Amino acid sequence: MRVAIAGAGAVGRSIAKELIDGGHQVMLIERQSGQFEPETVEQADWVLGDACEVSTLEESGIERCDVVIAATGDDKVNLVVSLLAKTEFAVRRVVARVNNPSNEWLYTDAWGVDVAVSTPRILAAMVEEAVSVGDLVRLMTFRQGQANLVELTLPEHTPLAGRPVSDLALPRDAALVTILRGDRVIVPQPEDPLEPGDELLFVASSEVEADIRKALGY
């Protein structure tokens with residue numbers, strides 16, 4: 001993929017390096033000359049300019065990008081970049097960084113955002129996931145809250161031990177997508193047995209999370 005990242009601070013550069021390591025083409029757009037440091041990510045294309053300006057985006061050729069990531073430390077800037085990328089240049093996928101969780105409600109398709117990534121929320125979820133057994137933990141939200149990635153770790157004495165995945169009476173708007181077992185990543189099949197300590201990852205709407213708990217005996 002070709003990916004444009006607005007904001008070449010520590011977060012933007014880190015994302016760029018990860019994507020380049022994954023074999024993708026990356027362009028970094030930075031408006032502050034003090035943070036314009038092409039030598040820090042030499043494999044990326046660098047553009048000095050304001051990503052909130054249509055002229056900058058036109059000159060950078062952003063319409064040729066498959067994904068735009070608004071990764072600045074300013075939520076207002078990230079929203080404007082997202083809106084321009086989606087509405088003016090028809091970028092297929094727009095990902096935006098949420099700096100202040102209280103602004104998360106703004107990150108919707110009305111502002112051109114496909115995926116909102118809230119670092120404080122993710123960190124909190126990771127802490128919950130690390131200490132919670134038998135509780136459903138929301139790890140990430142997709143499509144402006146229409147679906148969530150949620151996790152539940154089966155406790156040592158789970159009544160589901162040895163029972164096949166097909167025995168789970170999951171609600172309609174929920175799907176078990178992965179089982180993490182030790183260092184294994186298991187794509188669940190109906191006949192696969194469940195084991196204590198399994199981390200079950202579901203994609204589900206918020207409305208059925210309580211039903212998932214019931215299906216798992218909680």
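In the predicted model, strand E1 (residues 2–6) runs parallel to strand E2 (residues 25–30), and the two are joined by 5 bridges. Within this pairing, alanine 4 stands opposite methionine 27 of E2. Both strands belong to an open sheet of 6 strands, ordered E3-E2-E1-E4-E5-E6 and paired in parallel. The edges of the sheet are formed by strand E3 (45–48) and strand E6 (115–118); each has a single partner strand, so one side of each is left without a neighbour in the sheet. On average, neighbouring strands are turned by 20° against each other, direction ignored. Helix H3 (residues 75–87) packs on the sheet, where it touches E1, strand E4 (67–70) and E5. The direction of H3 makes about 175° with that of E5.

Strand E5 (residues 93–98) contains valine 94. This residue has 0% relative accessibility and therefore counts as buried, the cut-off being under 20%. Beyond its neighbours within four places in sequence, valine 94 is in contact with Val68, Ser82, Ala85, Lys86, Gly112, Val113, Asp114 and Val115. One of these residues, aspartate 114, is 20 residues from valine 94 in sequence, yet the C-alpha atoms of the pair are 5.3 Å apart in space.

With regard to annotation, an unreviewed UniProt entry lists residues 1–117 as "domain: RCK N-terminal". In the model, this span is 27% helix and 24% strand, and its end C-alpha atoms lie 20 Å apart.

Technical notes: Residues are numbered from 1 along each chain as its sequence is written. This is a predicted model: local features need pLDDT of at least 70, side-chain atom pairs count only at pLDDT 80 or more; totals for chains, interfaces and linings use all residues. Side-chain values use heavy atoms; hydrogens and water are left out. UniProt positions are given in the numbering used here, feature names are shortened, and annotations may be inferred rather than shown by experiment. Helices (H or I, at least four residues) and strands (E, at least two) are DSSP runs, numbered from the N terminus. Buried means under 20% relative accessible area, exposed over 50%, partly exposed in between (1.4 Å probe, protein chains only). Contact means heavy atoms within 4.5 Å. Two strands pair if DSSP finds at least two bridges between them. Axes are lines fitted to C-alpha atoms, for helices over the stretch in contact, and angles run from 0 to 180 degrees between N-to-C directions.
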